[in-house]
Amino acid sequence: MEILWGSSREPELNAALGEWCRIRIGLPRPFVAFTSLGVFQNGELLGAAVFHNYEPESGVIEVSGASSSARWLPRRVLFELFSYVFNQLGCQLAVFRVSEKNTRLHRIMRAYGFDEFRIPRLAGRHEDQILFTLTDDAWRSNGFHREHRKELSISTISSLRVSDSVSGT
């Protein structure tokens, strides 16, 4: 399994991952000012995450994701994804908007330590969305990653530099 980052250093990959995710989610407009992460196995894209709506002043970022396989989110990928959000960008809160129909993802997010808030009609007149939020404190204490028991060094995160973060793309 290979994790590839799209950013201002890899603009074509970033655009392709963002568009793939947008189409799979069913969003009407493309993402703007974002960084992306793609998970590949044997050259096949299994899933992608898009980091967008970054608000560095409040330490908040929205993350959207889509997949073609349930195999795209092993612990190693989850750790890299949230290391970017909390360790590299220094965010204190990650926000995910999830369809009320995606109950499989709801179970995963609850187990991971997310708080959830149902917002009526957020996806239109006939569909609610669930806002799932994860704080940096909840992430560090959720027990999923033995990496939290070790001192993190910048080399254990990703080679993606902070200068290539969502605020610069």
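At 19% relative accessibility, Asp136 counts as buried (buried is under 20% relative accessible area, exposed over 50%, partly exposed in between, with a 1.4 Å probe and protein chains only). Its partner in a salt bridge is Arg140, with the closest N and O atoms 3.7 Å apart. Arg140 is partly exposed at 35%. Both residues lie in helix α4 (residues 136–140), 4 residues apart, about one turn of the helix. Helices (H or I, at least four residues) and strands (E, at least two) are DSSP runs, numbered from the N terminus.

The model is predicted: local features need pLDDT of at least 70, side-chain atom pairs count only at pLDDT 80 or more, and totals for chains, interfaces and linings use all residues. Residues are numbered from 1 along each chain as its sequence is written, and side-chain values use heavy atoms, leaving out hydrogens and water.

A salt bridge places a side-chain nitrogen of Lys or Arg within 4 Å of a carboxyl oxygen of Asp or Glu. The count comes to 6 salt bridges. One of them joins Glu100 to Arg118, at 2.9 Å between the closest N and O atoms. Glu100 lies in the loop between β5 and α3 and Arg118 in strand β6 (residues 115–119), so the pair ties together parts 18 residues apart in sequence. Glu100 is partly exposed at 24%, and Arg118 is partly exposed at 48%.

Cys21 is buried, at 0% relative accessibility. Cys91 is buried too, at 2%. The count of disulfides (pairs of cysteine sulfur atoms within 2.5 Å) is 0.
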